[in-house]
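Take a moment to look over the whole chain before reading on.

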Amino acid sequence: MNDFSFCTPTRYVFGHDAEKQAGELMLATGARRVLIVYGMGSVIRSGLLDHVKEILHSAGIVTFELGGVQPNPTDPKVYEGIEIVRREEIDGLLAVGGGSAIDTAKAIACGALYEGDFWDFYCGKKVVDKALPLGVVLTIPAAGSEGSGNSVITRLEGLHKLSLRTDTALRPKFACLNPELTFTLPPYQTACGITDMMVHILERYFSPTPDVEVTDRLAEGLLMAIMTEAPKVMAEPENYEARANILWSGTLAHNGICGTGRSEDWASHFMEHELSAVYDVTHGAGLAVITPAWMTFMAEHRPAKVAQLARRVFGISNTDDREAALEGIAALKKFFSSLGLPLTLRELGINTPDYRLLVDKLHENKGEFVGGYYRLSRKETEEIYRLAE
């Protein structure tokens with residue numbers, strides 16, 4: 001196990017009517033003029049936006065709005081939000097929605113206090129050392145951004161989709177998690193969210209660090225819990241207990257606890273980011289295609305951890321690591337398929353993928369090698385993309 005420092009300062013308020021505490025929680029951050037950041041309109045149609053505004057107004061908070069954040073969020077909304085924050089002297093942000101709204105709010109939170117281009121943080125030119133306080137009312141369990149210091153934004157010029165990782169600077173000050181706010185999620189969106197949180201766990205699980213039994217078991221237990229509850233929420237969208245378990249799993253998958261004491265991989269996410277940047281596919285659906293392809297490559301080149309996952313999570317008894325790994329991958333793909341997710345690039349609607357473009361952009365953004373479990377060169381990442389065909 002590696003030495004580590006772990007800090008997760010986000011206050012989680014979980015359960016019925018959790019969002020009703022947003023006003024007092026926002027006040028506790030010192031914010032009095034708050035920009036509410038949200039997506040494409042579902043929070044308006046459901047009445048949640050007006051409800052949250054009323055809660056904030058009752059606490060004496062003045063509110064402003066930035067709506068229309070799209071899935072796979074892009075930089076124009078960030079620039080728009082930064083301009084609003086500076087013009088209106090806003091001192092806090094509240095994201096109402098899922099990962100796209102939260103990630104956009106994070107970019108605004110750091111960009112508004114920086115004299116240069118916020119993109120400097122994402123491309124590694126600058127390190128975030130200060131940001132406006134941010135809170136979350138979560139409606140989509142998936143990205144886990146409500147409990148992490150990470151954010152992903154796509155720059156439209158050149159279609160560069162990059163992640164920004166911070167320890168504490170961009171972790172939300174609080175997150176209101178009410179399972180009832182997830183009841184109306186469409187089945188496909190629910191399934192994509194489940195896949196995203198599972199792969200967040202796997203990116204940490206597939207590690208070259210030895211002797212991490214505790215975090216291995218945390219990861220395996222979370223994966224098994226998710227796979228137990230997922231069929232319930234798909235069959236019964238208003239099953240409160242199943243939704244609650246899925247909601248909390250999404251947070252635990254990405255708040256860092258499963259990565260303590262170990263190096264991490266992230267090759268599957270990096271490879272999928274290029275898919276969603278170029279072809280605008282849903283992130284979770286892209287992961288359902290790329291992650292099994294990555295695992296299939298590993299079954300031939302470094303099968304031990306894939307085999308461990310197969311035996312411990314999927315009950316595979318085969319004693320040969322390669323064969324066990326392949327059986328485990330088949331079981332994972334069967335699970336994804338049961339949720340109605342695609343398993344190939346063709347099923348994603350990408351009939352003629354431009355492998356050269358994907359590989360070029362991947363290594364332009366991430367360097368000569370990607371991945372922590374097994375260092376992948378351009379030749380190997382192209383092989384994995386082709387395994388996903």
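The paragraphs below cover the cores, the helix pairs and one threonine.

This is a predicted model: local features need pLDDT of at least 70, side-chain atom pairs count only at pLDDT 80 or more, and totals for chains, interfaces and linings use all residues. Residues are numbered from 1 along each chain as its sequence is written, and side-chain values use heavy atoms, leaving out hydrogens and water.

Start inside. In soluble globular proteins, nonpolar side chains tend to be buried together. A nonpolar core here is a set of buried Ala, Val, Leu, Ile, Met, Phe, Trp, Tyr and Cys residues joined through side-chain atoms within 4.5 Å. Buried means under 20% relative accessible area, exposed over 50%, and partly exposed in between (1.4 Å probe, protein chains only). The largest nonpolar core has 59 residues. Ile194, Met198, Phe206, Leu275, Trp294 and Tyr385 have the most contacts inside it. Helix H11 (residues 283–301) gives this core its largest share, ten residues. A second, separate core holds 37 residues, among them Ile90 and Phe118.

Helices (H or I, at least four residues) are DSSP runs, numbered from the N terminus. H11 has 19 residues, and 16 of them are buried. From first C-alpha to last, H11 reaches 26 Å, close to the 27 Å expected. That expected span is 1.5 Å times one less than the number of residues.

Now zoom in on tyrosine 385. Contact means heavy atoms within 4.5 Å.

Next, see how helices pack. Two packed helices are described by the angle between their axes and the distance between the axes. Axes are lines fitted to C-alpha atoms, for helices over the stretch in contact, and angles run from 0 to 180 degrees between N-to-C directions. Helix H7 (residues 187–205) packs on H11 at about 50°, with the axes 7 Å apart. H7 and H11 are therefore oblique to each other. Angles under 35 degrees count as roughly parallel, over 145 as roughly antiparallel, 65 to 115 as roughly perpendicular and the rest as oblique. Residues of H7 that meet H11 include Tyr188, Cys192 and Leu202.

Helix H8 (residues 213–235) and helix H12 (residues 304–314) also cross at roughly 50°, and their axes come within 10 Å. H8 and H12 are therefore oblique to each other.

Finish with threonine 104, in helix H5 (residues 99–111). Is threonine 104 buried or exposed? At 0% relative accessibility, threonine 104 counts as buried.

Key
Helices (H or I, at least four residues) and strands (E, at least two) are DSSP runs, numbered from the N terminus.
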